[in-house]
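This briefing sets out selected features of the structure shown below. It begins with the ligand site and then turns to the strands and helices.

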Amino acid sequence: MAKARTHFICRSCGGVQARWMGKCPDCGTWDALERFVEPKPAAGAHRELAESWVMEAGAEASAGTVTATTATQATPLPEIQSNDVERLATGIGEFDRVLGGGLIPGSVILLGGDPGIGKSTLMLQAAGKMAQRDHRVLYVTSEESAFQTRLRAQRLFGNDGVQIGTESAPIAAVDGVDQLQNLYVLADTNLSRIVEQARKVRPAVMVIDSIQMIYKPDVPASPGSVTQLRRTCMDLVYVAKISGMAIVLVGHITKDGQLAGPKLLEHLVDVVLSFEGDRHHAHRVVRGIKNRFGTTLEVGLFEMTGSGLAEVTNIAALLDPTVRAAPGSVICPAMHGTRCLLVEIQALTANGLLGAAKRRTSGVDSNRLAMLIAVLEKHGGLRLADQDVFVSAVGGLRVVEPAADLAICLAIAGAHLGRSLPAGIAAMGEVGLGGELRHVHQVEQRAREAQRLGYRTIIAPAPPTKQDKACHAHGLAGLDWSLASTVARSMEMLETPSKTR
Ligand code: TYD
Ligand code: MG
């Protein structure tokens, strides 16, 4: 008889080790490795699950919901049938954008985030929206009671509740909780009972909030442990594939290590989304980390309001192009997937210790920052070796593309010299190691967005490319281009506030 394989898995990063160690060699967390016995590969339980599901589903299931195939033979690619799968839009535009248009039937989506960030709110809103459009949804709440879920729904879908959707394009049919006949709620933590109910309800989408509380009774481990988390997730992935329903798993990111984190599950699921933001601020960002059916570049922007999450379509609403920015603040048109967003980059420099100066970032790549500081020292004439440097992208967005280099350099130089750019200026450009400015892609789209929001001057690399010239000549009349070939030249645009008075 084959010997059961035992691994040790880190609760925090999901790293797999052959033997137990006090400290995870991958992420450095102490006392995080947990014993995991690999389930037997025969998957007898899975087969049982599949057979019972198909039997229960009966003839009508063959109408399209059950998509299990037994491809045991290698087949030439063109001969493989491609059923055009239709994505199921959740009705929350920003969420659908990150998903790549909607949920794919039979897929498993993992939504991770800090506790209290708004995961349950987002998923209940999405579930309600789908139910309103006659899709059956099963919302499994393993942390709250059904009554608490009803109260939350009252808040989100009550008659006077403000709905996701813009004022100009409201989403119809918002008549309170009583209309959500297609939204089924189940308060349970036992996986067998949940699967049983799913079989009865036959929803198009099942939400499990949260996966860390779900347990399989035949697995001798506590809920939230590595073993339970993996086994329940594997079973749910299997259920999704044989039933054709989309399953959304909600997972808490845990810092104290009591519960195993969603990182463990990333390789098992089709889509991994991360819900981020500062609990003390209203802005929230949904980001794709892995997506087998779309790009991971898109982000979804939300704001937490008294009646749920509202979509934010214009993060630059707080920017005022007519006001002169403070020293250390520069506007950068940054691409997020297919969309350009104007982001404010802020920097602060303060006296630090030579040789032990701090460099801290929020929403900006810290390695890139180290390089840009070196360029400013070497080619910009700044002395920053004894300065603590802090850089952040305002609004909870992460700006990692090189096109933001110039804005970061100008923000640091401005903060250090006490100078700022005149009102209505945005900057874009990649900075090379020689201090030269390099061209960025999608110049026209960035320039248009800046112009739309009232920015009149763009600092960009010189000499202009053909594309830049086309921008000047045609569509973007009225926009001034301030072209610079080096960081040092672009820094000449920084003025002391007194000079403008
Ligand atoms: P929740 O969705 O429960 O977070 P998670 O499931 O990620 O743990 O909600 C988090 C916070 O959101 C909670 O502190 C209250 C707040 N909230 C609002 O501000 N407005 C609302 O309409 C709702 C439902 C919640
Ligand atoms: Mg919750």
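How far does a backbone N or O atom of Gly308 lie from an oxygen atom of ligand 1? In this predicted model, the distance between that backbone atom of Gly308 and the ligand oxygen is 2.6 Å. The protein buries 75% of the 550 Å² that ligand 1 exposes when taken alone.

**Ligand 1: polar contacts**
- The side chain of Thr121 places an N or O atom 2.5 Å from an oxygen atom of ligand 1.
- Gly118 contributes a polar backbone atom, which is 2.9 Å from an oxygen atom of ligand 1.

**Ligand 1: composition of the shell**
- There are 15 residues around ligand 1, and those that come nearest are Gly116, Ser120, Thr121, Thr305 and Gly308.
- By class, the shell comprises eight polar, four charged and three nonpolar residues.
- At least two shell residues come from each of helix 3 (119–132), helix 4 (146–157) and strand 11 (299–305).
- Helix 3 gives the most to this shell, namely three residues.

**Strand 7 and its partners**
- Strand 7 (residues 205–209) is largely enclosed by the rest of the structure, because five of its five residues are buried.
- Both faces of strand 7 are covered: one side carries the buried residues Val205, Val207 and Asp209, and the other carries Met206 and Ile208, which are buried as well.
- Strand 5 (residues 137–141) pairs with strand 7 in the parallel sense over five bridges, and Thr141 stands opposite Asp209 in strand 7.
- Strand 8 (residues 246–252) also pairs with strand 7 in the parallel sense, over five bridges; here Ile208 stands opposite Leu249 in strand 8.
- A right-handed β-α-β unit is made by strand 7, helix 6 (residues 226–243) and strand 8.

- Eight bridges link strand 13 (residues 329–336) with strand 14 (residues 339–351) in the antiparallel sense.
- Within this pairing, Met335 stands opposite Cys340 in strand 14.
- The hairpin of strand 13 and strand 14 has two residues between the strands, and in it Gly337 takes a positive phi near 70 degrees.
- Strand 14 is also joined to strand 16 (residues 387–393), by seven bridges and in antiparallel fashion.
- Ala350 stands opposite Asp388 in strand 16.

- Arg446 is found in helix 9 (residues 443–452).
- Is Arg446 buried or exposed? Arg446 is buried, because its relative accessible area of 0% falls under the 20% cut-off.
- The side chain of Arg446 reaches the backbone oxygen of Pro333, at a distance of 3.0 Å.

- Three strands form an open sheet in the order 2-1-3, with antiparallel pairing.
- Strand 2 (16–17) and strand 3 (33–37) stand at the edges with a single partner strand each, so one side of each is left without a neighbour in the sheet.
- Strand 1 (residues 6–10) is joined to strand 2 by two bridges, and these strands run antiparallel.
- Phe8 stands opposite Gln17 in strand 2.

Note on methods
Residues numbered from 1 in each chain as written. Chains lettered and ligands numbered in written order. Predicted model: local features only at pLDDT ≥ 70, side-chain atom pairs only at ≥ 80, totals over all residues. Heavy atoms only, no water. Near = heavy atom within 4 Å. Polar contact = N/O pair within 3.5 Å; in protein donor to acceptor, adjacent residues only side chain to side chain. Areas by Shrake-Rupley, 256 points an atom, 1.4 Å probe, with all protein chains shown as cover. Helix = DSSP H or I, 4+ residues; strand = E, 2+ residues; numbered from the N terminus. Nonpolar A, V, L, I, M, F, W, Y, C, P; charged D, E, K, R; others polar. Pairing = 2+ DSSP bridges. Buried < 20%, exposed > 50% of the residue type's maximum accessible area, 1.4 Å probe, protein only. Right-handed = clockwise from strand over helix to strand, strands pointing away.
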